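Dear colleague,

I am passing on the structure below, together with some notes on what came out of going through it. Please read the notes with the structure open beside them.

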Amino acid sequence: MCRGGNATTSRSSDEAAAASLIRKAEVGEASLTCASDILNSDGTRLPLCHPKSDYTQGKASNGVRITGSLRLKQEPNIEAQCIIGIQGTWYDVTKFAAHHPGGDIIYEFHQKDATAQFLAYHDSQLLKKRIKLPTRGTYQFDAKAPGGSTLQAAWMDLNEKFEREGRYTTPISFLWSRVTVLMIAFAGVVCLIQLYNATKSYCAFLAAATCMAALWQQSGFLMHDTMHNHIFHDSKKDHVLGFLFGNVLLGASGQWWRDEHNEHHVFTNTVVAGVGPADPQMVEDVWIQDKLLIPFSIDAIRDFVLEYQQYYFVPILVLVGLLPVKVDAIVNTGRYVTDICGLALHITWVGGLLWLLPTGMERVVFYALSNCIAGCLGIQLLVSHHAKQWAEKEDTKEVGAWAEHQIAAVIDITCPTWLDWFHGGLHIHSVHHLFPRMCRCHYREVYDDILSMCEKHGSPVDQSGWIETIARCVQKLSTIKDSAKGINGRNKTKVA
């Protein structure tokens, strides 16, 4: 919802006043003593409305466009200023922003408090020990209840506790245990294909395809781990493994996925009113899982989607399997040399296994069956969010909104500990979204702390079984058509 500003200009009088105050602070003529000083003159924090033409796609750290992301355009030929607030101090990151490992998403928090986002993705000692940034004054920051949120304060305390306990380090034994699973799955494919060739047992054929699907699924989880820097907590080392597990074994670009995933984590289930969805990993043209997405649906197919999406949601995820992810990765990567090399290696090893089968038809059937079984990964990646509500992007950038929004946007899937391998840690999604630096090997150990914190502060974690969660997604899809009356969709156009 647009709640202030002039929709016909890219900069309001409030923004101009804020910029003037920032410039005075830079030369020592003023001090930014209150967060409201850089916002509206009445002290309220109101997001400004901008037309769609004011938006473009965000950029990753190497300049590659992030498909599906939304970023306000910068004024041409003018260095974009970026000053962000962290725990009561304004930092000038203008010169650093171009080298920010997370890309230009840092500009989203220009003239805003970014304490929660900073602590969620960085060591709390980063600004004290490793990076020295110029400061531009101070503002009021209530650490006991940022933005009035006691949950946010409790989250900050828990984050500090986890740092002291070493929860943001990962034992190397975790990596070897996951690699062992991959080796077992690979050996299972080879042995079971040979058994099928010798016996023509369809059970052996199905078991071999299941092992292939498990190999892809577990590789996808390891790509997720490494592109979050969860193994070595060093982006250079982790991303080498991400290329292996993602590009080579799974067949989808790890870097492309990471670019979109950063946007997903910071702006989970969000839209920019009048412009489009801001979470690139939770949107597809073939279903509409929230009423806020209706204005951005495609006119030509909207009525069909709203009428039937609850029936084809699960079947389509199983039937198409991992193919859409692999195709999207090639079409939208922007890193063609690296990703084509990775795809070539993927095709080589998969083709080698397929060639163990005697006929072309058996190879095609085997690959298609493996892909369908691996489709459960697509279900796992979506159901934790699809049954939850969406929000306005600007609202999630409010002081104190971080923890509440992350809890409101996820469902935790309950299962016994021995099934954790099947979900890859993503079933304990509240921990992953609240503490994205933490490796899944610690999730069970800290889960009681998270449940207790959320319950105490009035934001209990939403929990349900896997089948029940899928049913909730389907149920929600069936109700969206009731919200569509009088809302127009769009032609299939995208932000440039």
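A surface patch is here made of residues with over 30% relative accessible area and no salt bridge, where nonpolar side chains are joined within 5 Å. Please keep in mind throughout that this is a predicted model.

By that rule, Ile172, Trp176 and Phe232 make up a nonpolar patch on the surface, and together they have about 310 Å² of accessible area. Isoleucine 172 has a relative accessible area of 41% and is therefore partly exposed, since that value lies between the 20% and 50% limits. Isoleucine 172 belongs to helix α6, to which I turn next.

Helix α6 runs over residues 172–199, and its 28 residues should span 40 Å at 1.5 Å a residue, which agrees with the 41 Å between its end C-alpha atoms. The buried residues in α6 are Phe174, Leu175, Arg178, Val179, Leu182, Ala185, Gly188, Val189, Ile193 and Tyr196. These buried residues pack against α7 (202–227), α8 (235–250), α12 (336–354), α13 (360–386) and α15 (420–423). After α6 comes lysine 200, which has a positive phi, near 60°.

Turning to charged pairs, the count comes to 22 salt bridges. One of them joins glutamate 163 to arginine 437, with the closest N and O atoms 2.9 Å apart. This pair links distant parts of the chain, 274 residues apart, because glutamate 163 sits in helix α5 (residues 150–165) whereas arginine 437 sits in the loop between α16 (429–434) and α17 (443–456). Glutamate 163 counts as partly exposed, at 22% relative accessibility, while arginine 437, at 14%, counts as buried.

A salt bridge also brings together the side chains of arginine 302 and aspartate 303, at 4.0 Å from N to O. Here aspartate 303 counts as exposed at 57% relative accessibility, whereas arginine 302 counts as buried at 13%.

Glutamate 394 and lysine 397 form a further salt bridge, their closest N and O atoms being 3.0 Å apart. Glutamate 394 is partly exposed, with a relative accessible area of 24%, and lysine 397 counts as buried at 3% relative accessibility. Both residues belong to a network of salt bridges that links Arg71, Asp104, Glu108, Lys112, Glu263, Lys393, Glu394 and Lys397.

As for the aromatic residues, the count comes to 17 aromatic pairs. In one of them, tyrosine 308 with tyrosine 311, the ring centres are 6.5 Å apart and the planes stand at 45°, so the pair is tilted. Both tyrosine 308 and tyrosine 311 lie in helix α10 (residues 299–320), 3 residues apart, or about one turn of the helix. In an α-helix there are 3.6 residues a turn, so residues three or four places apart point the same way. Tyrosine 308 is partly exposed, with a relative accessible area of 40%, whereas tyrosine 311 is exposed, with 59%.

The rings of tryptophan 421 and phenylalanine 422 have their centres 5.9 Å apart and their planes at 75°, so this pair is edge-to-face. Tryptophan 421 is partly exposed at a relative accessible area of 40%, while phenylalanine 422 is buried at 17%. Elsewhere, Tyr121, Trp155, Phe162, Trp402 and Phe435 form one aromatic cluster.

How values were computed: Residues numbered from 1 in each chain as written. Predicted model: local features only at pLDDT ≥ 70, side-chain atom pairs only at ≥ 80, totals over all residues. Heavy atoms only, no water. Helix = DSSP H or I, 4+ residues; strand = E, 2+ residues; numbered from the N terminus. Expected span 1.5 Å × (residues − 1). Buried < 20%, exposed > 50% of the residue type's maximum accessible area, 1.4 Å probe, protein only. Contact = heavy atoms within 4.5 Å. Patch = residues over 30% accessible without salt bridge, like charges linked within 9 Å, V, L, I, M, F, W, Y side chains within 5 Å. Areas by Shrake-Rupley, 256 points an atom, 1.4 Å probe, with all protein chains shown as cover. Phe/Tyr/Trp six-rings, centres within 6.5 Å; stacked < 30°, edge-to-face > 60°.
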